Amino acid sequence: MGQSERMIDIASVHKTFVADHGTVTALEPVSITIRKGEFISIVGPSGCGKSTLLRLISGLDQASGGTITLDVAGAVRPVGFVFQEPVLLPWKTILENVRFPLDTSGVRRAQGDKTALDLIKMVGLSGFEKALPRQLSGGMRQRAAIARALSDDPPILLMDEPFSAVDLLTRDNLNDELLRIWQSTGKTILLVTHSVEEAAYLADRVMVMTARPGKLKCVHDVDLARPRGEDTKLDPTYHTLVAQLRRDLRTPAGEAH
Amino acid sequence: MILRGIAGLIATLVLWTAVVHLFNVPAYLLPGPVEVLSRIAFLYENAKLLRHIGVTLWEIVAGFALGTIVGILSGVVFARLPRIERFATPLILLLQTAPKIAIAPLLLLWLGIGPTPKIVLIAIVTFFPVMQGMVTGLRYGEGSFRDLAKVLKLSAWQSFWHIELPSALPAVLAGMAVATTLAMTAAVIGELMGANEGLGYLLSSGQENSDTAVVIGMVVLLSLIGWAFYEVVELIRRRSISRFELN
């Protein structure tokens, strides 16, 4: 992994909304440079602008100011997006859902099938190609959503609280699989989460954001060996970091969030 | 379910026969089921009953198809262009609130006595619930699907074909199921107002000749057609809803 290669450059990006009672700041100016192949976690309470930041990077929303530069060399779809809900099309099978980005960009069916089947295997859904989303559990649907986001091979993967709707055991499994997928594909991943443990376990760097107004408070380097696993969760460094992240998230007035 | 329905039907026929015999009801008021059946058989042999059934069926199928297509297309236009919707809504509401029985003579004046005015009348009543279903289905499509379409940079057509149209399908089919009964009524009204073929025509000539058995026979045939028609649309709706309904 070329650790020095720049992938995403965010310079003074901010977002304000016009509401009934004046303008609301969703995100104060944020600047950060993210390297190619880096895994970034963004952690913070509701209303801290973490989802807003992902939506700005993906182009789903427009920034009120500042610049976002993606070094993606002309990729038509530079980002894959995994939403909080799987957002699978209920009338399409798992295979058709995973293949959907390819079908809609003119890739031939045979090639699309091959790519989609490989990804379905990678996310552990072999045997469910012909199933409809409603026949799958929440965790399985989210795996399918990840496979779909990867299917047209975007260099950047944005994940907005992808595992918040699944139970804790499933979440642990999905975290380990995500790390495996990240290691085998070399994607640059930005993952938004409520969970400081998840943030620390997965990432190279953790962005800590605070609310009212939403802003980037600090960025921590995660000094934990790869590949990560059960041992990581026993590592004192991990616990120190998690404790530090919790302190960072405590608002100055000690408000609950 | 079906067995119980058949049992209910047989019970009704038995009761009907019993009433006729026990109270000696004269045939010009209420003929028994056997007489009605024999009148239907007579019409089948001497009055080209099948041809009349065919005419009515054609009117219903053609009018229903026309109304559905126009309903879906205008639903797309209205959902996309609220300005056109605001412009057209008063006219459409006026057309829908006008008693169909009052529109029918006008259509007959304009389009003659053949199947065409009936087809148009059926299309008018079918169009409305289908259009409403389409507008609702498109307008209240999930925001998360819109995000997906945007991330994937789908064209307007791709997004319509792969996401919006399938999302709207349950609402459209619900509109179509409602339209089946309206379409039956419109067909009969159209034929009663002026026709030289069709079940409504046979019905009105039965009335003119004080032939109660023919009138009852036509009511029964029309009910059976309407029921079958509704069941077919409802079956399609139920089949597809399990696949197309949003979670």
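What is the mean pLDDT of chain B, and what percentage of its residues reach 70 or more? Hi everyone, let's start there. The mean is 90, and 99% of the residues of chain B reach 70 or more; pLDDT is the predictor's confidence in each residue, from 0 to 100. This is a predicted model, in which local features need pLDDT of at least 70 and side-chain atom pairs count only at pLDDT 80 or more, while totals for chains, interfaces and linings use all residues. Residues are numbered from 1 along each chain as its sequence is written, and chains are lettered from A and ligands numbered from 1 in the order in which they are written.

Within chain B, helix α3 (residues 49-80) has the highest mean, 94, and helix α4 (residues 82-97) the lowest, 86. For the model, ipTM is 0.89 and pTM is 0.79.

Now the overall picture of chain B. Its secondary structure has ten helices and zero strands, and along the sequence the pattern reads α-α-α-α-α-α-α-α-α-α. Helices (H or I, at least four residues) and strands (E, at least two) are DSSP runs, numbered from the N terminus. Along the principal axes, the C-alpha atoms of chain B fill a box of roughly 75 × 45 × 30 Å. Of the 247 residues in chain B, 38% are buried. For burial, we count other C-beta atoms within 10 Å of a residue's own, with C-beta atoms placed from the backbone: 20 or more is buried, 12 or fewer is exposed, and in between is partly exposed. As for contacts in chain B with a separation of 6 or more, 77% of them join residues 24 or more positions apart. Contact here means C-beta atoms, placed from the backbone, within 7 Å.

The expected span is 1.5 Å times one less than the number of residues. Because 22 of its 25 residues are buried, α6(B) is largely enclosed by the rest of the structure. There is also a kink of about 30 degrees at B:Phe127, shortly before the proline B:Pro129; the bend at a residue is the angle between axes fitted to the seven residues ending there and the seven starting there.

The other one is α10(B). Its 33 residues should span 48 Å at 1.5 Å a residue, and the end C-alpha atoms are 47 Å apart, which agrees. Among its buried residues are B:Val214, B:Ile216, B:Met218, B:Leu222 and B:Phe244. The cover over the buried residues of α10(B) includes α2 (33-46), α8 and α9 of chain B.

So which parts of chain B touch chain A? Helices α7 (143-151), α8 (156-193) and α10 (212-244) of chain B each supply at least two residues of that side. The most comes from α7(B), with six residues. In total, 17 residues of chain B are in contact with 16 residues of chain A. The chain B side divides into nine nonpolar, four polar and four charged residues. In that scheme Ala, Val, Leu, Ile, Met, Phe, Trp, Tyr, Cys and Pro are nonpolar, Asp, Glu, Lys and Arg are charged, and the others, Gly among them, are polar.

On to backbone geometry. Most residues other than glycine have a negative phi, and most peptide bonds are trans. In the loop between α7 and α8 of chain B we find B:Lys153, whose phi is positive, near 50 degrees. B:Lys153 is partly exposed, with 14 other C-beta atoms within 10 Å. B:Ser210, in the loop between α9 (199-208) and α10 of chain B, also has a positive phi, about 50 degrees. B:Ser210 is exposed, with 9 other C-beta atoms within 10 Å.

Chain A brings cis peptide bonds. One joins A:Arg212 and A:Pro213, with omega about -10 degrees, and A:Pro213 lies in the loop between β8 (205-210) and β9 (215-221) of chain A. Another runs from A:Arg226 to A:Pro227, with omega near -10 degrees; A:Pro227 is in the loop between β9 and α7 (236-249) of chain A.

One last stop in chain A: A:Thr33, in strand β2 (residues 22-35). A:Thr33 is exposed, with 12 other C-beta atoms within 10 Å. Leaving aside neighbours within four places in sequence, its contacts are A:Arg6 and A:Asp9. A:Thr69 is 36 residues away from A:Thr33 in sequence, and 9.5 Å away in space, C-alpha to C-alpha. Thanks, everyone!

Conventions
Two residues are in contact if their C-beta atoms, placed from the backbone, lie within 7 Å.
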